[in-house]
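Here are my notes on the model you sent.

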Amino acid sequence: MNHKETIAISIPTGIGAEIGGFAGDGGKIARKFAKYFNVLTHPNVVNGGILSAITDDILYLEGYFFDEFFSGNIVINPLDKYEENIIGVIFDASIPKNILNVHINTISAMKEVKGLNIPFFETTDEPVGVEFFIKNNLSTGTIKNENAILRAAKKLIEKGANAIAIVCYFNEDADDINYEQGIGIDPIGGIEAVISHLIAKEFFVPTAHAPAFSSIDICETVCNSKVSSENISSTYLPCILDGLSKAPLINNKNRFYLKNSDIKALIVPYNALGSPAVIGAYNSGIKILTVKNKTFGSIGCYDMGLNDIIEYEDYDSLLSALLKG
């Protein structure tokens, strides 16, 4: 890892953040900060369907691990420059054959073009059964068959995978007019976090989720730029394969590691301060900086009783302040 200081950028999933609440539209922010710092962030900030904003200076940490890290419960192990994770892919048994074939071709393309190490995949032995919905301005959902996911993940890890990509079938229409216009809440972001948390908690390996839908049509009309990356491909798998290939390992104290006190600052939207990561960072004395990035959240400094938190008008002014020390 390089000698730059490390900062963290959190834009919580499924709460309609004006910047970063859509399809990789937080990636440009992460990349701007990564010119000057190592940036610790979570998948939805940089995931954009067929595109990924990930760079060698961005550490891609699943949301459950992000919270655990700032709570002081785990350390993370950034990979060396030429290291790469071994990715195993889980496919939901519900995915129709024609859709599955597109995703298998995607894996092959990522191996051929980028040389990613994706030697095997497993199909769940039973349908996963994903349902998603928005409740109280929060994207969430349920999984009917968690054990099917865990059994498939266990097989992949036993084969040698140290990172897990999972593709579940969303057999109902996820279209949301407000989201498509760049003003709403990602209808599937919340359940995607539930799915990845499940594997992270059980196996402590980097993990990320991509959805599969019944249609593989590419959008032929001009859409809002915030969701455009989701409309130029028939699969959302490439971005998570990119991210997982270089994602930090977890809790290996026999190699170089970062602990939460190594983070210079945690950057979050000004009214989304209720996460375990924020609370853990505050309790650990880590500087918390907020940005006027509107969300459907409602928990600010006053609500949390947090003192000494500085609020910035935008990410550019915050970056300038960080660079001045």
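1. The chain holds eleven helices and 16 strands. Both are DSSP runs numbered from the N terminus: helices are H or I with at least four residues, strands are E with at least two. The radius of gyration, taken over C-alpha atoms, is 19 Å, close to the 20 Å from the globule rule for 325 residues, so the chain is as compact as a globular protein of that length. That rule is 2.2 Å times the number of residues to the power 0.38.

2. This is a predicted model: local features need pLDDT of at least 70, side-chain atom pairs count only at pLDDT 80 or more, and totals for chains, interfaces and linings use all residues. Residues are numbered from 1 along each chain as its sequence is written, and side-chain values use heavy atoms, without hydrogens and water.

3. Of contacts (heavy atoms within 4.5 Å) between residues at least 6 apart in sequence, 75% join residues at least 24 apart.

4. Helix H3 (residues 63-70) meets helix H7 (residues 189-203): their axes come within 8 Å and cross at roughly 55°. Axes are lines fitted to C-alpha atoms over the stretch in contact, with angles from 0 to 180 degrees between N-to-C directions. Gly63, Tyr64 and Phe65 of H3 touch His197, Ala200 and Lys201 of H7.

5. Helix H4 (residues 97-114) and helix H8 (residues 237-245) have axes that come within 10 Å and cross at roughly 45°. On the H4 side are His103, Thr106, Ile107, Met110 and Lys114; on the H8 side, Leu237, Pro238, Leu241 and Asp242.
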